[in-house]
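Here are my notes on the model you passed along, point by point. Please keep the viewer open beside them as you read.

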Amino acid sequence: MEKQQELLTLIQSRIKKVTALIKEHNADAMIIFNQANYRYLTNFTGEEAQLILNADGGRTLLSDSRFAGQIKAQAPGEMNVIMKHSSDYEELTKALKKMNVKKVLVEGEFVSASEFFKLKELNPDIEFTMVEELVERVRNVKDKLEIAALRKAVDISMESFKGIIPMIRPGVKERDIAAKLDYLFKVNGGDGPDFDTIVASGVRSAWAHGVASDKRLVDGEMIVIDFGSFYHGYAADITRTVSLGAVDAEMHKIYKVVLEAQRRGIAAAVTGNTGRDVDKAARDYITAQGYGEYFGHGIGHGIGLEIHELCQPALPFRITKLVNNMVHTVEPGIYLPGKGGVRIEDDVLVHDQTPEVLSTLPKNELISL
């Protein structure tokens, strides 16, 4: 009972912050389609639902009979629940007509143009306005329950990674390593992988998103492994690069460059800085070492109920000012086409001027297996 009360208190705090943003738009309510967003505001984990959040904090959840028991078990606090028997937009229209609303916000990223115009057609007396990443602005800063879940997701991911180390041998398929890692996530208490696990060896280690393939490991190759488990809906995201046997001197060199670049990026992940400051700290070092053209992606992104947060269109990491309790990745890489690559990624909790690295797997030197 205490845990349920604690959860309700946190949800009420989240609602208060989101409704303040609704009021800033001079709106009476907001329709939320993003599953991560309505989960954040209700604790309901099912799909195919919509949440109407009124500016006064009232909640109306539209779902269907498949989830009736789940909603009752998961969602604390007062909330009007409607079981849908017709199309989503007809049900939304019926619910809105029972409310005294004149202006309603709609999540622009999660409705098509035709769906938006259908809402307007069915509700000619309501002004609908699209907004981008409004709930996400609140979600960017994690509360204590979220931070605890993220820590657990990271711990599960790290423990699972340790379990696949004995598999890294010549002749083993990348796909088999990824499958074992995904299996271990659940064995170790997680909800399963939060993205397609990357195991990229040899020349494929220079592919930034080299999802595991049927390629077999060969002695003398670099191997990039990018992985993460969900835990209670929260995502970890970690990358380690290892070698299988001896590799040439340049691979050792770029590993050290990436490691130092990451150290500098993490050191810049302090309150008041932006993601651009974090990126610059790492990128400038890689460029100074002569590898700038081989680091083509951003330094990181937020993590939480989604694997990629603090992303475009409205809230890219590069322009976001960091504040306490944001959690994001720092993941520089160098990718030499046709030869191999290195990426090192950790999950970082912003804490004043002392960033806390949540993922603590060894990385201080290139590990040869």
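1. The contact between α1 and α2 brings I11, R14, I15 and V18 of α1 against Y40, L41 and T42 of α2; contact here means heavy atoms within 4.5 Å. Five of these residues are nonpolar, one is polar and one is charged. In that scheme Ala, Val, Leu, Ile, Met, Phe, Trp, Tyr, Cys and Pro are nonpolar, Asp, Glu, Lys and Arg charged, and the others, Gly among them, polar.

2. How do the two helices sit? Helix α1 (residues 2–24) and helix α2 (residues 35–42) pack at about 120°, with axes 7 Å apart, so α1 is oblique to α2. Axes are lines fitted to C-alpha atoms, over the stretch in contact for helices, and angles run from 0 to 180 degrees between N-to-C directions. Under 35 degrees counts as roughly parallel, over 145 as roughly antiparallel, 65 to 115 as roughly perpendicular, and the rest as oblique.

3. A word on conventions: this is a predicted model, where local features need pLDDT of at least 70 and side-chain atom pairs pLDDT 80 or more, while totals for chains, interfaces and linings use all residues. Residues are numbered from 1 along each chain as its sequence is written, and side-chain values use heavy atoms, leaving out hydrogens and water. Helices (H or I, at least four residues) and strands (E, at least two) are DSSP runs, numbered from the N terminus.

4. T329 lies in strand β13 and is buried at 0% relative accessibility. Buried means under 20% relative accessible area, exposed over 50%, and partly exposed in between (1.4 Å probe, protein chains only). The side chains of T329 and E331 form a polar contact of 2.9 Å, that is, a pair of N or O atoms within 3.5 Å; within protein, one must be able to donate a hydrogen and the other to accept it, and residues adjacent in sequence count only if both atoms are side-chain atoms. Beyond four places in sequence, the contacts of T329 include D237, H301 and D346.

5. T320 belongs to the loop between α10 (275–288) and β13 (327–330). T320 is also buried, with a relative accessible area of 10%, and its side chain reaches the backbone oxygen of P316 at 2.8 Å.

6. Do look at E91 in helix α4 (residues 88–97) as well.
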